[in-house]
Amino acid sequence: MPRPIEALIHVPALAHNLARARASAPDAKVWAVVKANAYGHGIEHAFEGLRSADGFALLDLDEAQAIRRLGWRGPILLLEGCFETRDLELCSRLKLWHAVHCEQQIDWLAMHKTHEPHRVFLKLNSGMNRLGFTPSAFRAAWHRLNALPQVDEISLMTHFSDADAQRLGGDGIAHQLAAFEAIAADLPGERSLSNSAATLRHTGRLKEKLSSDWVRAGIMSYGGVPDFPEHDAAHWDLRPAMTLRSKIIGVQQLQPGDTVGYGSSFTATQAMRIGIVACGYADGYPRHAGSGTPILVDGQRTTTVGRVSMDMLAVDLTALPQAESSGWGSEVTLWGNGPKGSVLPIDEVARAAGTIGYELMCALARRVPVTVQHLE
Ligand SMILES: Cc1ncc(COP(=O)(O)O)c(C=O)c1O
């Protein structure tokens with residue numbers, strides 16, 4: 001009998017969330033961002049739920065190959081472009097579109113022998129200072145690309161650093177959007193500016209600008225909230241695409257003064273009953289989630305107690321009447337959908353661990369068996 005832990009991937013939730021991206025940017029095409037093995041969901045599973053996207057955006061060539069193997073003939077965008085010159089051969093063969101963010105990538109293109117002219121997304125560093133040409137170098141890069149026979153079409157992109165936050169009283173994106181508009185106003189080509197936060201948060205005239213021509217829906221496709229806790233999944237009508245669940249494999253009755261787990265970080269101040277859950281940091285549950293992290297037992301909310309260890313963690317069963325007689329074998333929802341319509345948003349668990357839902361999804365461990373759910 002394997003350990004009772006498993007991850008469920010909810011295909012209908014992926015489709016629902018993608019529809020939410022479309023509804024938020026009705027005039028745009030939607031890239032489903034499936035980098036990092038589809039944010040930990042498994043690229044094949046994510047593809048099932050996201051196949052009505054207009055394209056798939058990712059980083060790794062093997063992930064691009066996987067999407068082609070699944071039969072996808074539409075656009076695939078390499079968000080970081082090529083990492084070395086020979087990657088261009090695969091781009092030609094698989095018809096991959098690729099970001100161009102630095103001079104080296106243009107040099108490689110200029111030397112590339114191909115009968116298949118490439119579609120590229122020229123990236124502006126509009127203020128995040130991660131990848132991209134500075135505003136002063138951007139137009140020269142565009143002209144260089146435009147002169148290459150290897151290049152067929154040039155689209156323009158940038159990435160926002162603060163789309164999820166109010167910043168300095170502004171809207172988080174104003175300075176970067178202004179930089180992009182100033183430099184790109186009279187350049188032809190499609191645009192791709194917005195991640196999930198920028199897609200969801202803006203309305204009116206600003207939305208029009210942000211939603212042309214492609215939006216890049218990452219975290220929202222998986223039901224994660226880009227601007228939690230300001231907004232939650234219910235606010236944006238997003239559904240969890242991943243559930244992590246397990247069972248209680250042991251029960252302990254504590255007396256006042258008893259401690260729990262490594263480092264004895266939790267001490268009972270009253271008699272209490274705790275359950276030991278088959279889930280630990282080696283499964284991808286965050287070790288930094290301290291006592292008090294929300295968790296569901298048989299669909300009811302309670303909290304963790306003590307430190308998370310490699311394979312186990314403890315939950316407080318004291319206030320759960322249905323678990324009173326035993327608790328042993330009860331279903332535990334670490335995040336996602338619980339029984340009887342209950343839900344524990346991954347964002348809440350992430351917050352308790354001082355991180356973001358993105359990190360928890362991506363960290364789901366290989367040892368956790370995955371079941372794909374095709375029905376609601
Ligand atoms: C260039 C780029 N575009 C889009 C995304 C998707 O962002 P999000 O998951 O916040 O929607 C990412 C993710 O980090 C990214 O790096």
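These notebook entries follow the pockets, the cavities, the ligand and some backbone features of one predicted model.

**Entry 1: ground rules**

I number residues from 1 along each chain as its sequence is written, and my side-chain values use heavy atoms, with hydrogens and water left out. The model is predicted, so local features need pLDDT of at least 70 and side-chain atom pairs count only at pLDDT 80 or more, while totals for chains, interfaces and linings use all residues.

**Entry 2: the largest pocket**

I worked on a 1 Å grid over the protein atoms alone. A pocket is an open set of points with protein on both sides within 12 Å along at least five of seven lines. Its lining residues have an atom within 4 Å of a point. Grid points are joined across faces, edges and corners, and a volume is the space filled by probe spheres set on the points.

I looked up the largest pocket and found a volume of about 780 Å³. Its lining has 35 residues. Nearest the centre lie Lys35, Tyr39, His159, Asn195 and Tyr358. H12 supplies the largest share, three residues. Helices (H or I, at least four residues) and strands (E, at least two) are DSSP runs, numbered from the N terminus.

I then sorted the lining by class. It holds 18 nonpolar, seven polar and ten charged residues. Nonpolar here means Ala, Val, Leu, Ile, Met, Phe, Trp, Tyr, Cys and Pro; charged means Asp, Glu, Lys and Arg; the others, Gly among them, are polar.

**Entry 3: the ligand**

Where is the ligand? The ligand sits in the largest pocket, meaning that more than half of its atoms lie within 2 Å of the pocket's grid points.

Next I checked polar contacts, here pairs of N or O atoms within 3.5 Å. A side-chain N or O atom of Tyr39 lies 2.6 Å from a ligand oxygen. For the side chain of Ser196, the distance to a ligand oxygen is 2.5 Å. Ile219 uses its backbone: an N or O atom there is 2.8 Å from an oxygen of the ligand. On its own the ligand has 400 Å² of accessible area, and the protein covers 91% of that. The area comes from the Shrake-Rupley method with a 1.4 Å probe.

**Entry 4: the second largest pocket**

I moved to the second largest pocket, with a volume of about 450 Å³. It is lined by 33 residues, and His10, Ala13, Arg239, Pro240 and Asn337 lie nearest its centre. Among the elements that give two or more residues are strand E1 (6-10), helix H1 (11-24) and strand E17 (331-337). Which element gives the most? E17 does, with four residues. The lining divides into 18 nonpolar, nine polar and six charged residues.

A cavity is a set of points where a 1.4 Å probe fits but cannot get out. I counted two of 30 Å³ or more.

The largest cavity has a volume of about 40 Å³. Lys123, Leu124, Asn125, Ser126, Met128, Arg130, Leu131, Thr158 and His159 line it. That makes three nonpolar, four polar and two charged residues.

The second largest cavity holds about 30 Å³ of space. Its lining is Cys82, Leu88, His98, Ala99, Val100, Gln105, Trp108 and Leu109. Six are nonpolar, two are polar and none is charged.

**Entry 5: backbone features**

Most residues other than glycine have a negative phi, and most peptide bonds are trans. I looked for departures.

A cis peptide bond joins Ser212 and Asp213, with omega about -15 degrees. Asp213 is in the loop between helix H10 (204-210) and strand E9 (214-217). Another cis peptide bond joins Phe228 and Pro229, with omega about 5 degrees. Pro229 lies in the loop between E9 and H11.

Lys95 has a positive phi, near 55 degrees. Lys95 sits in the loop between helix H5 (87-94) and E5.

Terms used: A polar contact is a pair of N or O atoms within 3.5 Å; within protein, one must be able to donate a hydrogen and the other to accept it, and residues adjacent in sequence count only if both atoms are side-chain atoms.
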